[in-house]
Amino acid sequence: MGYVGLPLAVAFANEGHEVTAVDVDRRKVEALRRGESYVEDVSDEALAQTGGRIQATTRFASLAKCDAILVCVPTPLTPNREPDLGMLVGASRELAGVLQAGQLVVLESTTYPGTTRDRVAPILSESGLVAGEDFNLAFSPERVDPGRTDFTMRTTPKVVGGLTPACGDRAEALYSEVCDTVVRVSTPEAAELTKLLENIFRSVNIALVNELAMLCDRMGIDIWEVVDAASTKPYGFMRFDPGPGMGGHCLPVDPFYLSWRAREFDMATEFIELAGKINQQMPYHCVAKVERLLNDASKPIRGSKIAILGVSYKAGVGDVRESPGLKIVTLLTSLGAVVAYHDAFVPELPEYDLRSRPLEDVLDKADIVLIVTAHPGIDHDAAVATAPLALDLRGVTRRSGGHAILL
Ligand SMILES: NC(=O)c1ccc[n+]([C@@H]2O[C@H](COP(=O)([O-])OP(=O)(O)OC[C@H]3O[C@@H](n4cnc5c(N)ncnc54)[C@H](O)[C@@H]3O)[C@@H](O)[C@H]2O)c1
């Protein structure tokens with residue numbers, strides 16, 4: 001019942017289905033029972049409009065009466081950057097305990113090719129039921145893009161790969177209720193890899209433009225001017241913007257599921273590794289630039305007051321997972337800077353002993369202002385106008401002719 005599960009629950013409830021919403025996180029279950037959403041893309045009103053058709057529970061037993069079960073648990077990396085299927089294995093075990101003949105199970109969590117067939121199916125078979133015979137099993141990757149409004153679940157094509165053709169038919173019929181276009185592929189593996197290709201494509205292209213941004217910094221060329229100009233080509237070019245690094249649950253994590261799997265096949269996926277390396281370097285590059293700007297003003301970073309605008313990983317959402325903003329806070333703090341932040345979407349960062357402060361407070365007497373994530377609703381030009389120094393890592397002030405230095 002996270003970023004992926006909750007919107008799905010709402011979509012199916014809106015189609016008139018009774019939805020059982022299972023999560024091990026008691027706080028989420030209690031919030032849903034109170035009619036409160038904790039996912040930005042789902043409003044409390046949207047929850048209310050489902051007319052009580054979503055029943056939230058921590059009990060897997062409730063799944064026994066469902067026709068279809070969609071698994072949307074996290075698939076993170078271990079500290080050694082290897083796939084951590086712990087939560088998927090845990091959820092699959094619980095599900096095996098209540099699985100019924102005739103049910104459809106679809107895995108939505110992003111993962112390496114082979115997970116549905118080689119990891120999930122054997123666990124579910126501990127129920128005594130055979131995947132593809134007694135119950136249907138498929139993989140269908142989620143394409144939700146938190147904060148996006150131009151494409152919805154209904155208008156975003158959904159890829160589906162079944163363990164057998166019948167499994168695929170059943171999953172296709174299910175998703176056709178909430179998506180206008182369902183794209184069938186022949187196997188769960190093809191569907192699993194489709195999702196990884198989409199994310200690796202983004203990761204590699206972001207790394208390319210980030211590497212160019214670092215080069216432009218040395219060459220004294222404005223990367224934004226170059227990206228803006230290249231984007232005027234009507235074909236053969238797709239715009240990606242530089243930034244302080246990659247965040248979120250997906251892009252910094254998912255590609256490594258494939259590189260891990262590829263090692264079993266004697267393949268080193270070098271694009272993935274290289275893109276990860278460059279994107280991870282970006283917060284260090286940004287902090288080095290802060291140091292340089294302060295140095296030019298004859299200020300040491302130790303003791304300088306640094307105002308950070310936006311710490312979540314992208315504009316308009318409060319998700320701080322893998323956020324480069326957190327890395328920047330860590331690096332600046334370790335250098336002795338006095339960091340304060342404003343982010344209406346992230347009220348506190350308990351691990352950093354920091355709370356979001358009102359914009360005026362954060363800007364007051366700051367030696368330098370950093371635009372790390374440009375949330376909507378903030379006039380960034382006005383925010384940096386009176387700051388002695390400003391560094392804009394998102395290029396949002398580039399057209400105003402203000403004094404902010406660009407990434
Ligand atoms: N967030 C995105 O934008 C996005 C987009 C596409 C794909 N995905 C993928 O979808 C999956 C879920 O991502 P998310 O962002 O929704 O994560 P999330 O953390 O927001 O939600 C996952 C939920 O699963 C619950 N959970 C953990 N273990 C469980 C268990 N054993 N049984 C039941 N519930 C359990 C957690 O409490 C949490 O509420 C991941 O594989 C992710 O890579 C996410």
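**Strand pairing and ligand contacts in a predicted model**

Me: In strand 7, which residue is the bridge partner of Val 159?
Reply: This is a predicted model, so local features need pLDDT of at least 70 and side-chain atom pairs count only at pLDDT 80 or more, while totals for chains, interfaces and linings use all residues. Residues are numbered from 1 along each chain as its sequence is written, and side-chain values use heavy atoms, with hydrogens and water left out. Strands (E, at least two residues) and helices (H or I, at least four) are DSSP runs numbered from the N terminus, and two strands pair if DSSP finds at least two bridges between them. Strand 6 and strand 7 (residues 182-185) run parallel and are joined by four bridges; the partner of Val 159 in strand 7 is Val 183.

Me: What is the handedness of the β-α-β crossover from strand 6 through helix 6 to strand 7?
Reply: The connecting element is helix 6 (residues 165-175). A crossover is right-handed if, with the strands pointing away from the viewer, the path from the first strand over the helix to the second runs clockwise. The crossover from strand 6 to strand 7 is right-handed.

Me: Which residues of strand 6 are buried on each side?
Reply: Buried means under 20% relative accessible area, exposed over 50% and partly exposed in between, with a 1.4 Å probe and protein chains only. Five of the five residues of strand 6 (residues 158-162) are buried, so this strand is largely enclosed by the rest of the structure. One side carries Lys 158, Val 160 and Gly 162, and the other carries Val 159 and Gly 161.

Me: Which residue stands opposite Gly 161 in strand 6?
Reply: Strand 5 (residues 136-139) pairs with strand 6 in the antiparallel sense, over two bridges. Opposite Gly 161 stands Phe 139.

Me: In strand 5, which residue is the bridge partner of Val 106?
Reply: Val 106 belongs to strand 4 (residues 104-107), where it is buried on one side together with Leu 104. Strands 4 and 5 pair in the parallel sense over four bridges. The partner of Val 106 in strand 5 is Ala 138.

Me: Which residue stands opposite Val 106 in the pairing of strand 3 with strand 4?
Reply: Strand 3 (residues 68-71) pairs with strand 4 in the parallel sense, over four bridges. Opposite Val 106 stands Leu 70.

Me: How much of the ligand's exposed area does the protein bury?
Reply: A polar contact is a pair of N or O atoms within 3.5 Å; within protein, one must be able to donate a hydrogen and the other to accept it, and residues adjacent in sequence count only if both atoms are side-chain atoms. A polar side-chain atom of Asp 23 lies 2.6 Å from a ligand oxygen atom, and a side-chain N or O atom of Lys 28 is 2.8 Å from a ligand oxygen atom. Accessible areas come from the Shrake-Rupley method with a 1.4 Å probe; for residues, only the protein chains shown count as cover. Taken alone the ligand exposes 830 Å², and the share buried by the protein is 91%.

Me: Is Met 238 buried or exposed?
Reply: Met 238 lies in the loop between helix 8 (223-230) and helix 9 (254-263). With 51% relative accessibility, Met 238 counts as exposed.
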